[in-house]
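Please examine the aromatic residues and one of the helices of the chain shown here. The report below takes up ring pairs, charges over rings and the packing of a helix in turn.

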Amino acid sequence: MTDPKSSTPETTGHEWDGIAEYNNPLPRWWLTSLYATIVWAFGYWILYPAWPLVSDHTRGVLGYSTRAAVLADVAATKAARATLGQSTLAVADLGEIAADPALLPLALATGKAAFGDNCAACHGTAATGRTGYPNLQDDDWLWGGSLAAIAETIRVGIRSGHADTRAGEMPAFGRDGILKRDEVETVANYVLSLSGKAFAPALSLETGAALFSRNCAACHGEQGRGNPEVGAPNLADAVWLYGSAPKDVIATIQGGRKGVMPTWEGRLDTATIKSLAIYVHGLGGGR
């Protein structure tokens, strides 16, 4: 601060090696803000959790924490959903849920959340699947695409260890010596011909058809159109779970396939399983 009547600046009186300290006080609003934040900090330390300890932290007079508040909200939401689910979704028939304008949005929302938490890791967030994991948005279903069939698949799984699990069997025709290597390639060529993808003109389709009839038709049908009763896929469409390249089909016939889907009974409640079935059915591939 400088005296207007003097050209000599006012100092604090402190001087070091000829260097004087000017007396330029901070603005009052700035100091007031600083002191207010200090008071606020002490108040916060007293009222809220603040100081870390060896294995815990101070709880504060109010005992409040945002984490505890969030956990309480989550628990309350789960309790509300459980109550609502037990009284409605858990006891309603799948067809009734699908037709009820009040229950359907609840089931779809519950199913979408459950799918993201439990199914998306294998089937993808968009449920489009990948090699070895079915696309749930098409209309190609190993075990049937009705609401009841989807719910049952979710409940018992596939080769899951559940007492009622779905357990179709694709033998390893080549590895187990049922077919020779040239026969594996011949029947693979025939199978691909069912969807217009034959890869080796030199391999007899007639011989392939005979091999198919003796070894494959019992499950896949004489026309190769599959059988959802035993989980046998349709081989005459353009949908391939393990790939449609000749090497992929040959590998399937050579070594067999034994994909696994876990059982969700016991992990998810009845209302959530029903909601998942409704959600998956509504993705566009249910029938």
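## Aromatic pairs and a helix face

Phe 115 is buried, having a relative accessible area of 2%, where buried means under 20% relative accessible area, exposed over 50% and partly exposed in between (1.4 Å probe, protein chains only). This is a predicted model, in which local features need pLDDT of at least 70 and side-chain atom pairs count only at pLDDT 80 or more, while totals for chains, interfaces and linings use all residues. Residues are numbered from 1 along each chain as its sequence is written, and side-chain values use heavy atoms, with hydrogens and water left out.

A search of the whole structure finds six aromatic pairs, a pair being two rings of Phe, Tyr or Trp (its six-membered ring) with centres within 6.5 Å, counted as stacked if the planes are under 30 degrees apart, as edge-to-face if over 60 and as tilted otherwise. Phe 42 and Trp 45 form an edge-to-face pair, because their ring centres are 4.9 Å apart and their planes stand at 70°. Both residues belong to helix α1 (residues 28-47), where three residues, about one turn of the helix, separate them; helices here are DSSP runs (H or I, at least four residues), numbered from the N terminus. Phe 42 is partly exposed at 47% relative accessibility, and Trp 45 is partly exposed at 37%.

The rings of Phe 115 and Tyr 279 have centres 5.7 Å apart and planes at 55°, so this pair is tilted. It links distant parts of the chain, with Phe 115 in helix α4 (residues 103-118) and Tyr 279 in helix α11 (residues 270-285), 164 residues apart. Tyr 279 counts as buried at 14% relative accessibility. Ring pairs also join Phe 42, Trp 45 and Trp 51 into a cluster.

Charges over rings are listed below; such a charge is NZ of Lys or CZ of Arg within 6 Å of the ring centre and within 35 degrees of the ring normal.

| Charged residue | Ring | Distance from ring centre |
|---|---|---|
| Arg 257 | Tyr 242 | 4.2 Å |
| Arg 267 | Trp 264 | 5.1 Å |

In helix α8 (residues 205-215), the buried residues are Gly 208, Leu 211 and Phe 212. Seen down the axis of α8, they fall within an arc of 100° and therefore line one face of the helix, the arc being that of the directions from the helix axis to the C-beta atoms. The buried residues of α8 pack against α7 (181-193) and α9 (217-220), with contact meaning heavy atoms within 4.5 Å. The face turned away from the buried side of α8 carries the exposed residues Glu 206 and Arg 214.

Methods:
Helix = DSSP H or I, 4+ residues; strand = E, 2+ residues; numbered from the N terminus.
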